[in-house]
Amino acid sequence: MTINEYNSSVTLYSDRVFRFVLKSIKDVHKAEDIVQDCYEKLWKNHENVSGEKVKAYLFTSAYHTMIDRIRKDKRSVYAEEIRIAEDSHEKSYSDLREILNEAVNKLPEIQRMVLLLRDYEGYSYQEIEELTNLNESQVKVYIYRARVFLKNYIGKPEAVI
Amino acid sequence: MFEIEKREEMKINRNNYESYFIDYLEGKLDVSLVDDFIEFLTSNPDLKEELSMFEPVSVEPENAVFGKKELLFKEKFDLESEFNHAAVANTEGDLSDTEKDAFDKYIAAHPEKKEELALYSQTKLVPDENIVFSKKNRLYKKTLAKTITLWGSRVAAVLVLAISVFLFIQRNESKNTISQEVATIEEKQPEKTTSILPENINQQQNTKLAEVKPGSGIKAERQKTPAKNIAGKPTEIQEIQNTTTQQEIARQPEETFAMINPKMASVELHQANLELETMYITIPENPNEERLLVDRVIEKTGIEKISLNKIAKAGLNLVTSISNEKFTYQTDKQGNVTEVNFDSRLLAFSIPTTSTRSNEVSGE
């Protein structure tokens, strides 16, 4: 991978990786850090990564970095308090998109990440399997559960706790 | 068994005979009880008559049919789990052709499910294009050539700034010096007018006609004032009257034009008799190949890519990197700088540039 290919990957994919990470972890500063970490890793390994696989490399790296951070954060009480504070802002939206956004935020992290990979980037089950190291049936189950949850939420948000 | 044992204990009598009657009519009366039952009937002829009244009573089954069976039939997709699976698979595009047909038929037959299916299609997440990663500049790696051009642009930006500051200062200084220079010119002018001889004046005017400038008229006017001053002195009045050339000095521009016009009219044209030669113009076969050297130089050096906007951006990038990205700027789709931001722990502000303001105003 050349410098030009690396730089074009910044232009092409940094926004998309950022959206994926930001939507997954809902923290701008952490999301920015993760995107920078991913590109640092890419640059360190740029000689081993071909231009065709840059996007997959970045998303794989982002996914696993997030999983690590989420595990660390879950050990922290402070992080839990933030989550509760964020959740307390619910029920102030009326627009469908915002209700859907709220519903997405309530999904378990892995379901949300898998769904984002599917919807935002249009990855197939097999590609998501490779990115996340989950098996295909797990990927399908996560997507299925996430869709049913979202459908129920936007259908009658007050009924879903 | 329990009943039989009970009945064995409790023989048929007028209080419990109904159950014996029903068993008898349905043919379920136990064989062991038949003798007692007959004995009871013979001893109670009124009840025997009552039993005979029951015998012909029988209900014929009607051929009535429940016509809404289809409402009760259950299909595969009536199971919530099956419907959800199919709806999700439909949203994901995972249904095979046959499954898709079956599911579409089911939806067509159950309009109430359409809304539910529509909700599934609304669960498709769409990325917000407005969310962008603002720190791309930190990620880009620069090649040697780019580094040189970057620093070149930065130096250019600094030079442009320095030159503009220098010119500004210079301009302020020159305003002060100009007023002094004017004063010195006024003092020297009388000397010049007295030293110019009338004969020389005509020659000079003829030769330097092409050099006559708008300012020369002012000089002529300025020369009038010393003449008036001279006329004010009685000793010099005669000299001035004798030499009419002094008056010519005061009227320089008008007289010189009057002398030249006749000369210009006397020019003879000899070329009119010459035969015109045929002129050939060669048109290149491919006009695109005819390019000026300047264009090629511009293309090779990439000078055309350098613009004031790029130089300005290079300067802003330099400030950004020096300030450890506390100072940043935003650009629009055309690459024009729209906003300048400063964000530190103590102070943060954002200044929209004038162009965006005008755009906003025009947009409103």
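**Two chains and how they meet**

In this predicted model, chain A and chain B bury about 3,100 Å² between them, with 62% of that on carbon and sulfur atoms.

Me: How many residues does each chain bring to the contact?
Reply: Chain A puts in 34 residues and chain B puts in 29 residues.

Me: What makes B:K124 and A:D119 a salt bridge?
Reply: Look at the gap: the closest N and O atoms of B:K124 and A:D119 are 3.9 Å apart. The cut-off for a Lys or Arg side-chain nitrogen and an Asp or Glu carboxyl oxygen is within 4 Å. So 3.9 Å passes, and the pair counts as a salt bridge.

Me: How many salt bridges does the rule find across the interface of chain A and chain B?
Reply: Eight. There are also 15 residue pairs in polar contact between the two chains, both residues being at pLDDT 80 or more.

Me: Which elements give two or more residues to the side of chain A that touches chain B?
Reply: They're α1 (3-25), α2 (28-44), α5 (96-106), α6 (109-121) and α8 (136-155) of chain A. The largest share comes from α1(A), with eleven residues. By type, that side of chain A splits into 20 nonpolar, six polar and eight charged residues.

Me: Now for a single residue. Why is A:K55 called buried?
Reply: Its relative accessible area is 17%. You'll find A:K55 in helix α3 (residues 54-75) of chain A.

Me: What is A:K55 in contact with, leaving aside its neighbours within four places in sequence?
Reply: A:Y13, A:R16, A:E121 and A:Y123.

Me: And what makes the A:K55 and A:E121 pair a polar contact?
Reply: The contact between their side chains is 3.1 Å. The distance limit is within 3.5 Å, with one atom able to donate a hydrogen and the other to accept it.

Me: Which residues of helix α7 (residues 125-132) of chain A are buried?
Reply: A:Y125, A:I128, A:L131 and A:T132.

Me: What covers the buried residues of α7(A)?
Reply: The cover includes α3, α6 and α8 of chain A, together with α6 (80-92) of chain B.

Me: What comes just after α7(A)?
Reply: A:N133, which takes a positive phi of about 65°.

Notes. Residues are numbered from 1 along each chain as its sequence is written. Chains are lettered from A and ligands numbered from 1 in the order in which they are written. This is a predicted model: local features need pLDDT of at least 70, side-chain atom pairs count only at pLDDT 80 or more; totals for chains, interfaces and linings use all residues. Side-chain values use heavy atoms; hydrogens and water are left out. Contact means heavy atoms within 4.5 Å. Buried area is the accessible area (1.4 Å probe) that two parts lose on being put together, summed over both. Helices (H or I, at least four residues) and strands (E, at least two) are DSSP runs, numbered from the N terminus. Ala, Val, Leu, Ile, Met, Phe, Trp, Tyr, Cys and Pro count as nonpolar, Asp, Glu, Lys and Arg as charged, and the others, Gly among them, as polar. Buried means under 20% relative accessible area, exposed over 50%, partly exposed in between (1.4 Å probe, protein chains only).
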